[in-house]
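Subject: Structure handover

Hello,

The structure is pasted below for your use. My notes on what was found in it follow directly after.

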Amino acid sequence: LVSDPALISEFVTESLEHLERAEPLLLEMEKRGTGDPAAVNEIFRAIHSIKGAAGFLGLANISALSHALESLLMRLRDGEFDFRPAMADPLLRGIDALRRMLGSLPDDEGEPADALCAALTALVERGGVMNAAGAETPADPFQQACAEQRRKGKHVVRVALPAKKRDRERLLEALGRYGERVEEPGEKRSVVYASPLELDLLAEAIGVPSDSLTEVRAPVDGAVDEFPLPDDARPLPLYFGQIAVDLGFLNDEQRREVLRAQRGSLLRRSFSATAIALGILTVEQAEAIAAAQAQRLADAELPAHPFEEEERPEAVRAPEGSDAIDEQMSGAERRAETIRVSLTLLDKLMNLAGELVLGRNQMRQLLEGSTQPGVKSVLQNLDLVTTEMQENIMNTRMQPIRVLFDRMPRLVRDIAHRLGKRVELEVTGGDVELDRSIIEALADPMTHMLRNAVDHGLEDPKGRVVLGKSEVGRVSVRAYHERGRVVIEVQDDGRGIDPERVKEAAVQRGAITRDQAQALSEKDAVALIFQPGLSTATEISDVSGRGVGMDVVRTNIQNLGGQIEVSSAIGEGTRLRIHLPLTLAIIPSLIVSVEGERFAIPQLNVVEVVRLKREGEQVERIRSSEVLRLRGDLLPLVRLAQCLEIRRSGEARTRANVVILRSGAHLYGLVVDELHDSEEIVVKPVSTYLSDCGWYAGATILGDGRVAMILDALGIAKRAQIRFDEIADEGARRGEHAEPAAPAAERRSLVVFSNSADERFAMPLRELLRLERVEKPQVEWVGSRRFLKHRGRTIPLVRLEDVLPVRGGGEEADEFFVLIPRLEGLEAGIIATRIVDTLESDAQPDRSQLHAPGLAGSAIIEDRLTLFLDASGLLEAAGIERTTAT
Amino acid sequence: MNATGTPERRYCTFYLGDECYGIDILTVREINRQVQITPARGAPAAVRGLMNLRGQIVTVIDPAVRLGYPAREQKKSTRLVILKTNSDLASLGLNDLSTNDELAGFWVDRISDVITVSEDQIAPAPPDQSGKNDHLLAAVVQLKDQVIRIVDPSALLRLGDTE
């Protein structure tokens, strides 16, 4: 045994590449249903190389399996056997087993694949004929014919033949009227017929005792029914009598009666004619049945079910098909012009290039003032070469995304097989290049998204037909460039995501409140699938759908500096779009510092930067936490120095900079001393000594050669223990506690509230008597009106959408607010779902834009269109009169 | 091998405070006087920070903190002993030595001589009074005038077990 680790590792890399080349060719042949000599040859050569090297290295198990695979492939190559789609399966399993064995090297070869080897050998010995008994191999022609008949909805029945020739002939003649013979080579004592009639009916029809017939069932563990159709996908009956029963024109007894009459009749009358003659069916009914039959027969002409293997006619071998395979072949040849370089070497080169850039910068600083002739042009040249070199070294890490996309057809095939679905996968954009580490990190999320698309996205074949879609679901995977980033799309034409169901699931899981759910737009609701623990799959399948998934996908994508978004239309499908940076290694970042210590924050997380002139002005407190009031929102504040326990020198600062960061769905402000430039930084993985912290996303080397830590927005928020919920609640509550400010000449205090996400209302605070937080049980209905029980009184309530042409809100929520206007002799409340803010504004309502009873006008407040309410007009329009106060 | 045929080992010695320690020179990659270290806030106490070694980031560990000494300020004599990584050692065939999977360095107060000692001068480390740091020392070397404690770099770098 040769145990040189370098040799072994080279063997593993090479073999995996061979397998990677062989697999798509095999899949392509399976899809087309025909062998392709060039492809077979290529697969053969791949396996042959593995076998040779494995033998040299003394890897017995790999050698044995590749030998078994090779024997089959050799016969296919030499034309001894014809390729059949069912052969793809054992070959693919062989490739999987080889991969598994290669994966456990260099330690050992893993378990031998004895069963698979035996099956392959047996297949070769049988002359390539698939056999139902062999676990690996599909049915012989007889079993196939039976399967075909069963697929058409017929009963396959074995009938014992009588000894006398005359009896035999009469029986066969009778059978010929009720069914179609399935030829079974070598069988003399019985015949097999496929008939639309159930066993007992057939016995009755041909006049033999029913126990002389036996149903021919599919072999239990054979390949014929290896992928049984789901119950609802069984074909509809195709025979007249059965359709008549299906449609409710006949019951079973009547059908038997017709069949008996048919048998007794000397004239070979059709079922319909017999039934009409018997007066069991009317002519109209018979016509309706015939129409249904015609339709079903037409439907049955749909392409064969993918799980039933069958020979395709030669004509299917489309010329572009062989082109596709040719193309892959020439791709294989192109690859031969490259050499393999270890990644560590590339990383080292990249580091050195970074150092060179650093050296150049230092030199430039030193020589800046130099008057020596020629220095300037030398420096410029150095500049150019260095930059170009760095770029090119970066490019060495780029790989076409094809290496990932090539795995997708196999994945989709396997999932579709398991779920009994038909899927056509379209992959485009394999040439788009991405940093190798990004491609590696994409494998899991992509797998997950494709599983979701096939499992949850696509309906089952029958369901699709009912919906008027093609039985074959379409899934497409695309990659392309867009504005300097790479976009990857996974799209299906399945059932889509129902925003209401996602909302419901999210509310039940407690991920959001019912209030929040109501305020969500459809797009935002669909995006809830990225919340942890949410799945709208009604049932859990073994393929996907345990409620963990899309949140992990999103986290993975975000870790790559990417974003993911979903769009969906019910009944039309779902599209997931991922935006990725070209390379992981370099990201634009904002450099900040505290006490002279510099930190990098990825620009992706930075929403904006706010300079505080006087802290007291915008910073408030909610319990122990500091918050920043920014355009009406309360944002939690984190002081970086405090958070990272950096000791303060000198007295407290009066000025500060706040970087507003996005952490998941929340925003918060990070208080730092100084803001520096934005720099393109090279991200180095975070040291294992620091990875436990969780608030560093990595480290980087800045332009001056010093190391700086990269802050992780989510990690910092966690470390600071920001209580986003509490602050949001308090923000809402502030409306209640806000004191009516002394009205300035122009400015007045406004309460801004909203019932839906996109409509805002305002009322001057001084026009309000009270603002109450109300719980649902406090509301009573009298007729169609709502009343609030409050301090022993009953106050009529008004919903804005009942009076004004605005969107509905939600007093269905468990808690909401009631604004009680200050009006003479009238006490009534206006329902508000959410108090947005109380603020000072000099905005004056403008009546020219929007005009309705109950509206005082509109104004732009905080960049949002806000409707001013006219309380007395509103209550009047709602039919609440001054004297009705009870 | 020396003239008498006894196997020899070479140690790089350094000071932590007033105590002299040694480290197998085969595990040392280089000794660096550049001590521009970026502190890593929130990291374990023994992590002094990160430094840039020609484009690679080195985690700087303070062995003194691991051995129970109080933290010291940076001095003019302060040096960084940058260690080979495990894969460096493996590629050199030094399979009986181990350090760490990623680049790390020791912050030491002063570098002293490289000593060559024969195997018979090397003794197992005596138990520490507290017994806490026993596993951090690989051996002691008895010289004429002093005892040098030889550290086990991989144990010193494994922070999880005491902190």
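Leaving aside neighbours within four places in sequence, His579(A) has contacts (heavy atoms within 4.5 Å) with Glu482(A), Arg485(A), Val486(A), Val487(A), Gly562(A), Gln563(A) and Glu565(A). His579(A) has a relative accessible area of 14% and is therefore buried (under 20%; over 50% is exposed, in between partly exposed; 1.4 Å probe, protein chains only). The residue belongs to strand S11(A), residues 573-581 (strands are DSSP runs of E, at least two residues, and helices of H or I, at least four, numbered from the N terminus).

This is a predicted model: local features need pLDDT of at least 70 and side-chain atom pairs pLDDT 80 or more, while totals for chains, interfaces and linings use all residues. Residues are numbered from 1 along each chain as written, chains are lettered from A and ligands numbered from 1 in the order written, and side-chain values use heavy atoms, without hydrogens and water.

In chain A, the axes of helix H1 (5-32) and helix H17 (408-419) come within 10 Å and cross at roughly 45° (lines fitted to C-alpha atoms over the stretch in contact, angles from 0 to 180 degrees between N-to-C directions). From H1(A), Glu23(A), Leu27(A) and Glu30(A) meet Pro409(A), Arg410(A), Arg413(A) and His417(A) of H17(A).

An open, mixed sheet of 6 strands in chain A has the order S14-S18-S19-S17-S16-S15 (strands pair if DSSP finds at least two bridges between them). S14(A) and S18(A) run antiparallel, joined by 6 bridges. Arg611(A) stands opposite Asn657(A) in S18(A).

Regards
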